[in-house]
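Please examine the sequence and the model together before reading on. The paragraphs below proceed from strands to aromatic side chains and then to helices.

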Amino acid sequence: MDIKTKNLSTKQQGHIKKWQDDKGFGFIETQNGDSIFFHINEFKARRRPEVGEPVVFTFGQDNQGRMQAKDVQELSFVQQKMAQKNQKIRQRNHKRSMQADFEAGQKKRLFLGVGFYGVLILLAAMNKLSWLVVGWYVALGLITYMMYAKDKAAAQNNDWRTPESTLHLLSALGGWVGAMVAQTYLRHKSQKPEFRVTYYLTVVVNMAGLLFLLAGGGLETLTDLLSELL
């Protein structure tokens, strides 16, 4: 294809075939084997061109309408900039993906918490569970959430922290839904593996206690059992 028929705005690749440093101009050989003139003023690197080095450029015209290379840049420089740009795009996409996953996790955990309270209300309405137990779970959930919020604020302000054992105790006694919501929405205590494992154990303990009540165990019996464990 003749040089004059090319798109002037399209980036082209080639290498410097000839350079006359005393005159400040040279020629670039394109990938099609064409030779095109370029002036030192169009070379964007802060040094003199070198014969044989790969470059990127666009086609342009001088004041007399003759074809020449414009905006001549080092290929390695352009590739580096493109790599940095692609990396930023990947990082941005990764952050968006993580945010989307986090928001999806928020919805799932909130649905789980609401669903659990809904089951408690249903059981109470069917006279299979005391309304006092429902109130206990709701109250402990709110208290536990507030304790997490208080502890996060303390961590940010370097104030006195709430012991992790206290947070786990509240969770085991019935505040695990509040703890789950706090970990998700406050992003507090959600990255520490040891804490998360213990938290899940408190959920298991609490669910065992709830099943004990549903199986016919009395509140007094459960209270005595917790007293012995604690």
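Helices, taken as DSSP runs of H or I with at least four residues, are numbered from the N terminus. In that numbering, Pro163 belongs to the loop between H2 and H3. The model is a predicted one.

S1 and strand S2 (residues 25-30) run antiparallel and are joined by 6 bridges. Within this pairing, Gly14 stands opposite Thr30 of S2. The hairpin of S1 and S2 has 4 residues between the strands, and Gly24 there adopts a positive phi near 75°. S2 also pairs with S3, again in the antiparallel sense, over 5 bridges. Here Phe27 has Phe37 in S3 as its bridge partner. The hairpin that S2 and S3 form likewise has 4 residues between them, and Gly33 in its turn has a positive phi of about 90°.

Aromatic side chains come next. The model contains 10 aromatic pairs, counted by the distance between ring centres. In one of them, the ring centres of Trp19 and Phe38 are 5.4 Å apart and the planes meet at 25°; the pair is therefore stacked, since planes under 30 degrees apart count as such. This pair links distant parts of the chain, with Trp19 in strand S1 (residues 12-20) and Phe38 in strand S3 (residues 35-39), 19 residues apart. Trp19 has 13% relative accessibility and so counts as buried; Phe38, at 0%, is buried as well. The rings of Phe57 and Phe59 also have their centres 5.4 Å apart, but their planes lie at 85°, so this pair is edge-to-face. Both Phe57 and Phe59 are buried. Elsewhere, Phe116, Tyr117, Tyr137 and Trp176 form one aromatic cluster. A charged group also meets a ring: Lys189 lies over the face of Phe195, at 5.3 Å from the ring centre.

What is the distance between the end C-alpha atoms of helix H3 (residues 164-185)? Although H3 has 22 residues, its ends are only 18 Å apart, whereas a straight helix would reach 32 Å at 1.5 Å a residue. The helix bends by about 120° at Gly175. Of the 22 residues of H3, 16 are buried, so the helix is largely enclosed by the rest of the structure. Arg187, which follows H3, has a positive phi near 55°.

The residue at the bend of H3, Gly175, is also one of the contacts of Thr144. Thr144 itself is located in helix H2 (residues 131-157). Its relative accessibility is 0%, and Thr144 therefore counts as buried. Leaving aside neighbours within four places in sequence, Thr144 is in contact with Leu170, Gly175, Gly178 and Ala179.

Technical notes
Residues are numbered from 1 along each chain as its sequence is written. This is a predicted model: local features need pLDDT of at least 70, side-chain atom pairs count only at pLDDT 80 or more; totals for chains, interfaces and linings use all residues. Side-chain values use heavy atoms; hydrogens and water are left out. Helices (H or I, at least four residues) and strands (E, at least two) are DSSP runs, numbered from the N terminus. The expected span of a helix is 1.5 Å times one less than its number of residues. The bend at a residue is the angle between axes fitted to the seven residues ending there and the seven starting there. Buried means under 20% relative accessible area, exposed over 50%, partly exposed in between (1.4 Å probe, protein chains only). Contact means heavy atoms within 4.5 Å. Rings of Phe, Tyr and Trp (its six-membered ring) pair if their centres lie within 6.5 Å; planes under 30 degrees apart count as stacked, over 60 as edge-to-face and the rest as tilted. A charge sits over a ring if NZ of Lys or CZ of Arg is within 6 Å of the ring centre and within 35 degrees of the ring normal. Two strands pair if DSSP finds at least two bridges between them.
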